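Today I will go through aromatic contacts and ring–charge contacts. Please look at the model first.

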Amino acid sequence: MTDPALAAGFNPTLVERTWDAVVIGAGPAGCTAARRLAQQGRAILVLDRHAFPRDKVCGDGLIPDAIESLRRGGLLETVEREAFHSDALAVYSPGAVRVDVAGRFLTLRRQRLDKLLLDAALDAGARFHTATATATRSTAECVELHLRGVPDAVRAQYVVLATGADTRLRSQGARDRAAGALALRCYVKAPVDLRELIISFDRAVLPGYAWIFPLGAGWFNMGCGVFHRGRRAPRINLRHTFTAFTDHFPTAREIWRNRSEATPLAGARLRCGLEPEASYDGRRTVAVGETIAATFPFTGEGIGKAMETGEIAGDRVDLALRRKDPGVLADYPERLLRQVAPRYEGYRVAERWIRWPRLTDFVAARVAHSRRLQRAAAGVLSESADPRQIFSARALMPALLPWRS
């Protein structure tokens with residue numbers, strides 16, 4: 001098998017200098033960090049093992065946190081021009097109780113989104129090359145990166161790991177405590193008019209979840225997944241789960257039976273729940289995005305928080321370069337704990353509640369009839385409300401007691 005680095009004709013000049021930073025992985029987290037650093041005039045090299053444009057298994061949904069990150073980066077209008085726009089998310093409980101959550105949502109295939117984000121980093125001055133990093137070694141002055149098929153090491157003052165669910169380049173001492181997930185998705189074209197995004201916890205897919213996200217022009221991203229704790233994934237056949245979803249859930253059934261085109265099901269691992277303690281190796285390497293489990297539990301959404309971690313890491317690396325002090329990176333995990341981690345708590349609680357379908361149905365029915373709780377749910381998504389405003393027994397009590405509703 002031909003190595004990607006050799007097939008792409010690796011440029012030998014890339015090993016003749018010491019880069020300010022090398023970003024390994026050109027997804028949303030890596031490209032965001034690279035763009036922020038390049039905008040400050042830093043010499044940045046972005047490496048990815050795949051040539052672009054390349055596909056990425058994902059739900060393709062951009063919820064408010066991703067939209068705000070795009071806005072901060074000056075990229076929102078660029079993405080909006082190509083994305084499908086929706087102002088509603090419908091969440092279905094196991095018993096098909098529907099809860100509508102108002103908000104602003106976009107969908108865009110990851111193949112296109114990632115290319116737009118990489119182009120923005122390159123426009124800011126970063127360099128890109130296709131190569132597979134196999135190991136890193138920190139010295140007093142720099143980090144040496146070893147690439148498959150390249151005899152000489154690439155040197156950088158700092159490294160940003162954005163390798164997604166592949167954590168092999170992380171520090172050997174980093175203990176993986178993230179929740180895991182397995183997911184499958186395909187693209188389907190059908191003459192069905194659907195404007196809202198759908199997340200379903202239908203009994204047919206429990207203990208997993210499923211989604212239908214419209215992409216425009218009659219195309220839909222449809223898929224299913226299952227969350228698990230620990231290293232061992234549950235013995236669930238997700239292809240059977242997907243079939244059950246398209247047989248049982250009415251909207252999925254309508255789309256699937258009327259499809260004119262459909263891509264094969266493609267799968268991926270997800271890492272969920274956030275691991276700030278694994279974000280810094282104590283020397284010159286920081287990790288971002290799904291490499292530190294930045295995907296949300298319960299929904300599997302991860303693009304927005306991946307980009308946020310990229311912003312924070314990019315700013316810390318830039319400060320370390322300005323001060324010529326690697327020790328600046330030591331507070332990166334604390335910044336993640338303070339700025340990002342609180343947003344996960346509500347999703348963790350919701351993930352636990354979904355294990356009791358009858359309770360979930362009861363709560364969903366109360367939320368569906370409570371404007372206060374609906375506003376709280378929208379606020380959780382937009383990050384203007386504390387998740388505990390909805391995902392706690394105390395918060396739900398007024399809705400659970402009919403005489404106080």
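Y347 is buried, at 6% relative accessible area, where buried means under 20%, exposed over 50% and partly exposed in between, with a 1.4 Å probe and protein chains only. This is a predicted model, in which local features need pLDDT of at least 70 and side-chain atom pairs pLDDT 80 or more, while totals for chains, interfaces and linings use all residues. Residues are numbered from 1 along each chain as its sequence is written, and side-chain values use heavy atoms, without hydrogens or water.

On to the ring pairs. There are nine aromatic pairs in the structure. Rings of Phe, Tyr and Trp (for Trp, the six-membered ring) pair if their centres lie within 6.5 Å; planes under 30 degrees apart are stacked, over 60 edge-to-face, and the rest tilted.

In one of them, F52 and F128 have ring centres 5.5 Å apart and planes at 80°, so this pair is edge-to-face. F52 sits in the loop between β2 (44-48) and β3 (61-62), and F128 in strand β6 (residues 127-130), 76 residues apart. F52 is buried at 17%, whereas F128 is partly exposed at 23%.

Y347 pairs with F296, and the two are stacked, 4.2 Å centre to centre with 15° between the planes. F296 is also buried, with 1% relative accessibility.

Ring pairs also join Y92, F245 and F249 into a cluster.

Last, the charges. R17 has its charged end over the ring of W19, 4.3 Å from the centre; the criterion is NZ of Lys or CZ of Arg within 6 Å of the ring centre and within 35 degrees of the ring normal. R259 lies over the face of W256, 4.0 Å from the ring centre.

Notes
Helices (H or I, at least four residues) and strands (E, at least two) are DSSP runs, numbered from the N terminus.
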